[in-house]
Amino acid sequence: MDLKDKLISSFMAFENNVDVDHPVHEVRMEAMKNFEIKGFPSKKEEAWKYTSLNSLQKVDFSIFPKELNALEYKEVKKYFINEIDTYKIVFIDGIFSSNLSETTHDGVDICLMSSALNKPMYKQIIDVYFNKVASKDESLTTLNTAFSKEGAYIYIPKNKMPKKPIEIVHFATGNEASLMLQPRNLIIVEENAEVQIIERHQSLTSNEVLTNCVTEIFAAKSSIVDYYKVQNDAVNASLIDNTYVDQKDKSDVKFHTFSFGGKLTRNNLNFYQNGEYLDSTMKGVTILGDKQHVDHHTLVHHIEPNCESHQDYKGIYGDSSTGVFNGKIIVEKLAQKTNAFQQNNNILISDKASINTKPQLEIFADDVKCSHGCTIGQLDEDALFYLQSRGIPKKEARALLMYAFANNVLESVRIPELKTRINKLIANKLGVNLGFDL
């Protein structure tokens, strides 16, 4: 039985344990029908031309964990941002861990998707927001929708801001020989509200793990969302991350994605600008080695006038690693006075490494400022020689140049303690001590 057939048969078992009279039941059923028709994406599709999921489909993944494998805080402490106090929503093998989590109802609502989907008090919000911006056609998103049960539910009411940043952490323990996880997050930030979120998927095992995650974010008028994804997973972990953002007037949403670990990572980041005078920012740093593969697919859909978007992705590829960047900007006819910027810069530090990059613009308005570009190159030998002539060893000199290359993305990280953590991860990835006060 291949993975698609196993998922279809597992869905029947899944439905036996949920409320079939709940309105979400129909949403799940329709999503599974779509997945049955489409199946897993293949390289024949333009959007998946450079990323193959064939090897993952041959793995006999467990669809549901057999039992909760409890973790002690000391076992996973290093994966949290311990330098600051945060709210924490923690899952172990897809199951909520009350022991490791710290949630609040102090003016904001940070809880579980299972609670939001099943309790009557959340019905009105679920009816308005759940599965409203997520794609109904993208097959892996519909697969997640079919199995949607657990994940983070974050609701920030009008004029509110959590007292602390929120960490969403998914741990895989290796309790199964191979495990597939499908977390579903719903984040709603009402008018003039603000939130900072740090998300991480972390395997604690050498066993195969596949995570197919979907996050829906709704940013209301004048709201601020500051979101960070830290991807530094184990070598046998694969992540397909689908994020959909709906923005209203004067909202400001910033996304930073740091991709350092994992075997295969696919980030689908989609912004829909349904308002005026709003700003969408997407920045990323990717540093790969070995045979790692990271694929960034971004979309900014400018629908209303007087809006801005900024994309800046940096990639450093070594050994036999592969990178993909496909960024699309769509400017509708009504979206006059749009200012859209997109840039993808890459460095290859190995003859066997490769990057496939494709910036795209589709403009139907005539009063806009839009630019896109990409570069692929190697380290500047003159700059390297200069640093060596000042007594810096070659390995450290190369690392300093690579750090400088990525630094403008780091400069916009608004949580100082997180910036320090990212500096550490970069230094470890480059295999040097860059001399920062870490």
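In this predicted model, the residues lining the largest cavity divide into two nonpolar, seven polar and one charged. The volume of this cavity is about 60 Å³, and the structure holds seven cavities of 30 Å³ or more. The lining is formed by His 201, Gln 231, Asn 232, Asp 233, Ala 237, Ser 238, Leu 239, Gly 261, Gly 262 and Thr 265. Strand E11 (residues 237–247) supplies the largest share of this lining, namely three residues.

The second topic is the pairing of helix H1 (residues 3–15) with helix H2 (residues 23–38), which pack at an angle of about 165° with their axes 11 Å apart. Angles over 145 degrees count as roughly antiparallel, and H1 and H2 are therefore roughly antiparallel to each other. The crossing in which H1 passes H2 is left-handed. From H1, the residues Lys 4, Leu 7, Ile 8, Phe 11, Phe 14 and Glu 15 take part in the contact, meeting His 25, Arg 28, Met 29, Met 32, Phe 35 and Glu 36 of H2. By class, this contact has seven nonpolar, one polar and four charged residues.

The class make-up of the two sites is set out below.

Notes:
Residues are numbered from 1 along each chain as its sequence is written. This is a predicted model: local features need pLDDT of at least 70, side-chain atom pairs count only at pLDDT 80 or more; totals for chains, interfaces and linings use all residues. Side-chain values use heavy atoms; hydrogens and water are left out. On a 1 Å grid over the protein atoms alone, a cavity is a set of points where a 1.4 Å probe fits but cannot get out, and a pocket is an open set with protein on both sides within 12 Å along at least five of seven lines; lining residues have an atom within 4 Å of a point. Grid points are joined across faces, edges and corners, and a volume is the space filled by probe spheres set on the points. Helices (H or I, at least four residues) and strands (E, at least two) are DSSP runs, numbered from the N terminus. Ala, Val, Leu, Ile, Met, Phe, Trp, Tyr, Cys and Pro count as nonpolar, Asp, Glu, Lys and Arg as charged, and the others, Gly among them, as polar. Axes are lines fitted to C-alpha atoms, for helices over the stretch in contact, and angles run from 0 to 180 degrees between N-to-C directions. Angles under 35 degrees count as roughly parallel, over 145 as roughly antiparallel, 65 to 115 as roughly perpendicular and the rest as oblique. A crossing is left-handed if the near helix is turned anticlockwise from the far one by less than a right angle, and right-handed if clockwise. Contact means heavy atoms within 4.5 Å.
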